[in-house]
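Hello, and thanks for taking a look at this one with me. Please open the sequence and the model side by side before reading on.

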Amino acid sequence: MRVLVGGGTGFIGTALTQLLKARGHEVTLISRKPGPDRITWDELTTSGLPRCDAAVNLAGENILNPLRRWNAAFQKEVLSSRLETTQTLAGAIAKAPQPPQAWVLVTGVAYYQPSLTAEYDEDSPGGDFDFFSNLVTKWEAAARLPGDSTRQVVVRSGVVLGRGGGAIGHMLLPFRLGLGGPIGSGHQFFPWIHIRDLAGILAHALETSHVQGILNGVAPTSSTTNAEFARALGAALGRPAFIPLPSAVVQAVFGQERAVMLLEGQKVVPRRTLAAGYQYSFPELGAALKEVIA
């Protein structure tokens, strides 16, 4: 297939591009900067959709960038980097004389309300209780296409674990120094997925003609708490992991609204992802972490 990938130069995009090429597909990236095998977002707007069999959007500013203050300007950037790219790509697909067979968007499990007791699958309600859940609702709405000539899939991703990027990049140093531990109470759920499985789910969604609608992009062992994750990461590194990161520190660094993403969590199960026939490479946390830090 010829696959067009928005935001393909990032952490997830790089993994997906490598996997698709390994499976014999051609990949064109949409990026802010021109280059080989790329088009820019401006070119997409002015010239329309290039010939392709499938399109994916992964574009979006990193919400948990600790170097950025959580203020109105950054919130606007977080929104526009997701909504505008998604609207642009969905608009180009809708106008294309030969639309692609599949259109896949990656959003997040922030759609589901944090809870210490509830369990969420793809049909669970959500999307209407804070900045991030509303963002996911608007983002998924921006992707919707009229008619049914193109298969539409949304993957709601958990915390992505992989080498060279994602959440683990910020955690490794304190853990290696023996200063790691749970965040806040540690009781909150920690829905995670290995980068290879997130790329695998996306490739499966692109290649499998019966897959459509919402898929949860989380590992099937979704009952991991933050404290269990900290212990598993410490064990993988051969380091103790019992120094908690107090809630007040997290709130001071990230701001109260954004700190919720780290201090609270959801128990999310990939019921439809498994039913769609996807087989996980890293269903268990221990093996996933060993691969990441190997």
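1. A word on conventions. This is a predicted model, in which local features need pLDDT of at least 70 and side-chain atom pairs count only at pLDDT 80 or more, while totals for chains, interfaces and linings use all residues. Residues are numbered from 1 along each chain as its sequence is written, and side-chain values use heavy atoms, with hydrogens and water left out.

2. UniProt, in an unreviewed entry, assigns residues 3-208 to "domain: NAD-dependent epimerase/dehydratase"; its positions follow the numbering used here, feature names are shortened, and annotations may be inferred rather than shown by experiment. Over residues 3-208 the chain is 38% helix and 20% strand, with the end C-alpha atoms 14 Å apart. Helices (H or I, at least four residues) and strands (E, at least two) are DSSP runs, numbered from the N terminus.

3. The seven-stranded sheet. Here 7 strands make an open sheet in the order β3-β2-β1-β4-β5-β7-β11, and the pairing is parallel. Its edge strands, each pairing on one side only, are β3 (38-40) and β11 (213-217). Neighbouring strands of this sheet are turned by 20° against each other on average, direction ignored. Two strands pair if DSSP finds at least two bridges between them; β1 (residues 2-6) and β4 (residues 54-57) pair in the parallel sense over 4 bridges, and valine 5 has valine 56 in β4 as its bridge partner.

4. Helices on that sheet. Helix α1 lies across β1, β2 (26-31) and β4, at about 160° to β2. Helix α3 (residues 72-95) lies across β1, β2, β4 and β5 (102-108), at about 170° to β4. Contact means heavy atoms within 4.5 Å; axes are lines fitted to C-alpha atoms, for helices over the stretch in contact, and angles run from 0 to 180 degrees between N-to-C directions.

5. A mixed open sheet of 3 strands has the order β9-β8-β10, with β9 (165-166) and β10 (192-194) at its edges. Strand β8 (residues 159-162) runs parallel to β10 and is joined to it by 3 bridges; valine 160 has isoleucine 193 as its partner in β10. Helix α11 (residues 285-293) lies across β8 and β10, at about 50° to β10. For residues 246-291, UniProt lists "domain: DUF1731" (unreviewed entry), and this stretch is 61% helix and 4% strand.

6. Which helix supplies the largest share of the lining of the second largest pocket? That is α1, with 5 residues; α1 (11-22) and α6 (195-207) each supply at least two. Among the lining residues are Phe11, Arg163, His194 and Glu291. The lining divides into 5 nonpolar, 3 polar and 3 charged residues.

Terms used
1 Å grid on protein atoms, 1.4 Å probe; cavity = no way out; pocket = protein on both sides within 12 Å on 5 of 7 lines; lining within 4 Å. Nonpolar A, V, L, I, M, F, W, Y, C, P; charged D, E, K, R; others polar.
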